[in-house]
Amino acid sequence: MSTVASLTRATLAKDLRLEWRSKDAINSMLFFSLLVVVIFSFSFDPTAEESRQIAGGLVWVAFLFAAVVALNQTWAREMRNQVLDAYRVSPAPPNALFLAKVLGNFIFVTVLQALMTPLFIVFYNLRALGPAYQLPIVAGLGTWALVVNGTFFAAMSLRTRSREIMLPLLLFPVSIPALLAMVEATGAILTGEFSAKFWIVLLAAYDVVFTIASLFLFGFVLQAE
Amino acid sequence: MPPAVIVADLVKQFGRFAALRGVSAEFASGRLYAILGDNGAGKTTLLRALAGLTPPTRGSISMLGTTDLRSVCGQLGYMAHPSLLYDEMSGMENLSYFARLYDVNNKDQRCADVIRAVKLDPSLTRPVGQYSQGMRQRMSLARALLNDPKILLLDEPFSNVDVPSSREMVSLLAGLRNAGKTIFVVTHQASLLEGTADEFVHMEAGQIVSRTPEMQGAETT
């Protein structure tokens with residue numbers, strides 16, 4: 001267990017260092033999300049009440065699409081110079097690599113959310129009428145759901161010829177329950193019309209199931225040709 | 001002494017194409033094998049199968065007395081045709097990360113030692129992406145040596161390396177062989193290994209067609 005933890009830390013530190021130097025993932029995600037915010041704000045021009053109704057969907061769809069950009073970058077980095085083979089021939093456990101990638105993507109998407117949320121609030125005139133303290137919980141659980149599945153399916157589509165198309169094709173259908181829970185929970189908190197607790201519990205359960213399943217299956221994905 | 005590597009009836013199919021067609025061979029430990037053959041002969045596939053990267057369609061591989069290659073992967077060193085290094089990090093940063101994967105003791109010292117062994121400077125802060133092709137090859141060899149492996153699998157280690165540097169690499173490999181390592185070198189530059197390799201293994205169409213202690217005519221030119 002300590003080996004997994006220490007190798008996860010080492011791999012995460014390496015990934016953060018690579019991202020800090022290249023800024024591949026963060027730049028693409030930021031640019032993409034910024035475009036979504038600006039284009040949607042020009043397209044809709046909603047009142048504050050309408051904003052609260054649609055903001056949940058808008059925000060999460062923007063983050064989902066932006067996350068896909070980051071997810072593709074994560075493994076593309078390992079494919080350059082076939083560095084992934086160096087990991088595969090080493091005695092390091094596959095789970096350490098998977099966890100490091102998930103944590104790295106979680107950090108990247110969280111940074112994106114921290115930067116983009118103020119813009120969403122300004123452009124869509126948002127104010128939570130429900131319990132606002134639940135928003136970070138939904139954001140954390142929702143982001144984890146996206147990155148854990150996304151990292152797994154990005155690894156699965158790694159060796160396919162058109163992996164940029166393959167990843168959304170695999171990821172989006174599986175993410176529908178999580179996306180629904182994120183949108184409903186965010187909508188509930190922003191409008192204050194109903195409780196978000198059911199959706200938060202659903203999201204937490206989804207995270208647990210898919211994290212365990214991904215950890216269990218990742219070894220097979222990594223060793224596949 | 002038991003053979004370091006035994007392959008039995010090894011077959012590897014990629015769809016309809018058979019890259020390996022029933023390769024059977026024993027390789028003694030402490031020897032340097034040059035694996036030769038034309039493009040598509042199956043050299044790289046054989047090396048990847050030995051490294052555990054390409055599971056065989058049929059047949060078995062026994063390495064250091066076990067068929068569970070995962071259990072001995074810590075005693076293998078693998079150098080592929082691509083560098084297997086992160087371009088954005090320096091040589092020392094790369095090796096430091098890989099040393100963690102192998103749980104290498106005293107890793108900073110070990111990384112510096114293997115970098116010096118391939119005649120590079122451990123204090124070089126330039127990212128590997130800015131290295132010349134030859135430097136990258138040598139750093140890649142340093143990465144393969146990091147865990148002090150018993151078996152070294154090297155795919156085209158001399159490609160794009162100038163002749164003097166290649167000779168230095170050969171002399172390093174000879175030293176490792178003399179220290180008891182079993183070394184497999186896939187190469188098109190067989191002449192560099194003349195007088196150093198213990199055996200020249202010739203492959204053709206996915207099979208080992210001959211094993212000779214000396215190079216054969218066409219390869220010496």
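In helix 5 of chain B, the buried residues are B:Met135, B:Arg136, B:Gln137, B:Arg138, B:Met139, B:Ser140, B:Leu141, B:Ala142, B:Arg143, B:Ala144 and B:Leu145. The model described here is predicted. Helix 5 of chain B, spanning residues 133-145, is thus mostly covered, with eleven of its 13 residues buried. From its first C-alpha to its last, helix 5 reaches 19 Å, close to the 18 Å expected at 1.5 Å a residue. The cover over its buried residues includes elements of both chains: helix 4 (83-88) of chain A contributes, together with strand 5, helix 3, helix 4 (107-117), strand 6 (151-155) and helix 6 (163-178) of chain B.

Contacts between the two chains involve 23 residues of chain B and 20 residues of chain A. On the chain B side, strand 5 (76-79) and helix 3 (91-101) are the elements that give two or more residues. Helix 3 of chain B provides the largest share of that side, four residues.

Chain A contains eight helices and zero strands, giving the pattern α-α-α-α-α-α-α-α along the sequence. The radius of gyration of chain A is 18 Å, close to the 17 Å given by the globule rule for 225 residues, so chain A is as compact as a globular protein of that length. Along the principal axes, the C-alpha atoms of chain A fill a box of roughly 55 × 35 × 30 Å. Of the 225 residues in chain A, 44% are buried. Among contacts in chain A between residues at least 6 apart in sequence, 85% link residues at least 24 apart.

Conventions. Residues numbered from 1 in each chain as written. Chains lettered and ligands numbered in written order. Predicted model: local features only at pLDDT ≥ 70, side-chain atom pairs only at ≥ 80, totals over all residues. Contact = placed C-beta atoms within 7 Å. Expected span 1.5 Å × (residues − 1). Buried ≥ 20, exposed ≤ 12 C-beta atoms within 10 Å, placed from the backbone. Rg over C-alpha atoms; globule rule 2.2 N^0.38 Å.
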